[in-house]
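Thank you all for making time this morning. I would like to walk through one chain with you, element by element, and I will ask you to keep the structure in view while I talk.

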Amino acid sequence: MIYTVTFNPALDYVMHVGNLNAKDINRCESEKIYFGGKGINVSVILTRLGVANNALGFLAGFSGKQIESMLKEESVKTDFIYLENGFTRINVKIKSDKGFDINASGPEISEEDAAKLLDKLSVLKKGDYLVLAGSVPKSMPSDIYEKILDLFSGKGVHFVVDATGDLLRNVLKYKPFLVKPNHHELGELFSAEVEDMADIVKYSKKLQEMGAVNVLVSWGKNGAVLLDENGEVYICGNVPGEISGSVGCGDSMVAGFIAGYEDKGEYSYALKLGSACGNATAFAENLASKSEIEKMMQSEYLNVKHL
């Protein structure tokens with residue numbers, strides 16, 4: 001089973017406004033609400049691919065109930081912890097001649113609530129996957145990733161970590177099965193500029209030396225690079241075109257990689273399916289559908305090369 005954890009989910013309230021005018025009331029041309037959160041996105045893509053998983057994390061108030069309702073419509077299995085106070089954050093995204101993103105901070109998570117999450121994770125067993133993605137709320141210990149992975153270290157659980165900076169660096173000692181920085185984040189880990197393939201391979205190897213098993217690096221318009229546990233390097237390109245946005249692309253890639261590896265046990269196929277999911281989401285209004293992913297899998301631009 002695959003378990004995802006989203007510490008600070010959100011509803012994204014996206015508003016399309018023709019031209020913002022600070023001196024008058026602005027009227028929306030259209031608005032939509034989407035669920036958000038890196039772990040949730042991974043669960044949604046896995047579910048659309050037909051891969052069993054369970055989405056965990058924290059929800060609160062009316063906005064939390066809305067997220068869970070939307071996920072149930074997607075047939076996503078959930079086991080969230082409901083907080084007694086506050087409400088799940090609502091992020092406002094204004095699309096106009098200029099774009100504005102206003103992200104809320106989210107509810108307080110107590111030590112007792114954090115302990116409930118650890119209790120729910122106690123069912124993990126050998127062969128399961130645990131996906132930890134995104135930042136940690138200020139109300140939680142900064143080392144919560146480490147505390148969670150320490151509980152299951154050496155028990156055969158596949159850890160997948162999509163995080164940045166110290167959050168990622170500090171869990172490498174637990175030998176995560178997969179880490180997925182983008183090339184900018186990879187460089188920031190080593191205070192270096194990552195400009196080409198040689199740089200990506202060089203610093204991915206350093207991550208492996210620090211404990212990572214497989215390193216998947218998203219490389220913007222150039223595609224993605226995988227350094228697998230056997231030291232093999234694979235690259236997969238991107239499909240050209242005008243993208244709708246980058247939100248959820250990395251999460252979709254993580255989901256596709258896990259699904260692909262679970263299906264065939266081949267890293268090259270995992271990279272291709274991960275790339276297809278990421279590309280499909282880039283061209284979609286929100287997260288990619290199964291049909292959009294399948295279409296991407298047929299693209300001539302997503303041929304995986306073994307370097």
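Let me begin with helix H4, residues 144-152, whose buried residues are Ile144, Tyr145, Glu146, Ile148, Leu149 and Phe152. Please keep in mind throughout that this is a predicted model. What covers those buried residues of H4 includes helix H3 (111-121), strand E8 (129-133), strand E9 (158-162) and helix H5 (165-169). As for its orientation, H4 lies across E8 and E9, and runs at about 170° to E8. Just after H4 comes Gly154, which takes a positive phi of about 80°.

In space, the C-alpha atoms of Asp150 and Ile109 are 21 Å apart, while in sequence the two residues are 41 places apart.

Ten strands form an open sheet with mixed pairing, and their order is E5-E4-E1-E8-E9-E10-E11-E12-E13-E14. At the edges stand strand E5 (81-83) and strand E14 (304-306), each with a single partner strand, so one side of each is left without a neighbour in the sheet. Within this sheet, E8 and E9 run parallel and are joined by five bridges, and the partner in E9 of Tyr129 is His158. Helix H2 (residues 61-73) also lies across part of the sheet, namely strand E4 (53-60) and E5, and it runs at about 165° to E4.

From Val131 to Phe159 the C-alpha distance is 6.2 Å, although 28 residues separate them in sequence.

Let me turn to another set of strands. Strand E2 (residues 10-17) and strand E6 (residues 89-95) run parallel and are joined by seven bridges, with His16 finding its bridge partner in E6 at Lys95. E6 is in turn joined by four bridges to strand E7 (residues 99-102), and that pair runs antiparallel.

For helix H8 (residues 249-264) and helix H9 (residues 267-283), the axes come within 7 Å and cross at roughly 150°. Because angles over 145 degrees count as roughly antiparallel, H8 and H9 are roughly antiparallel to each other. The crossing in which H8 passes H9 is right-handed. Among the residues making this contact are Cys249, Met253, Gly256, Phe257 and Gly260 of H8, and Tyr267, Leu271, Gly274, Cys277 and Gly278 of H9. Sorted by class, the contact of H8 with H9 has twelve nonpolar, seven polar and two charged residues.

Conventions. Residues numbered from 1 in each chain as written. Predicted model: local features only at pLDDT ≥ 70, side-chain atom pairs only at ≥ 80, totals over all residues. Heavy atoms only, no water. Buried < 20%, exposed > 50% of the residue type's maximum accessible area, 1.4 Å probe, protein only. Helix = DSSP H or I, 4+ residues; strand = E, 2+ residues; numbered from the N terminus. Contact = heavy atoms within 4.5 Å. Pairing = 2+ DSSP bridges. Axes fitted to C-alpha atoms, helices over the stretch in contact; angles between N-to-C directions. Parallel < 35°, antiparallel > 145°, perpendicular 65-115°, else oblique. Left-handed = near helix turned anticlockwise from the far one by under 90°. Nonpolar A, V, L, I, M, F, W, Y, C, P; charged D, E, K, R; others polar.
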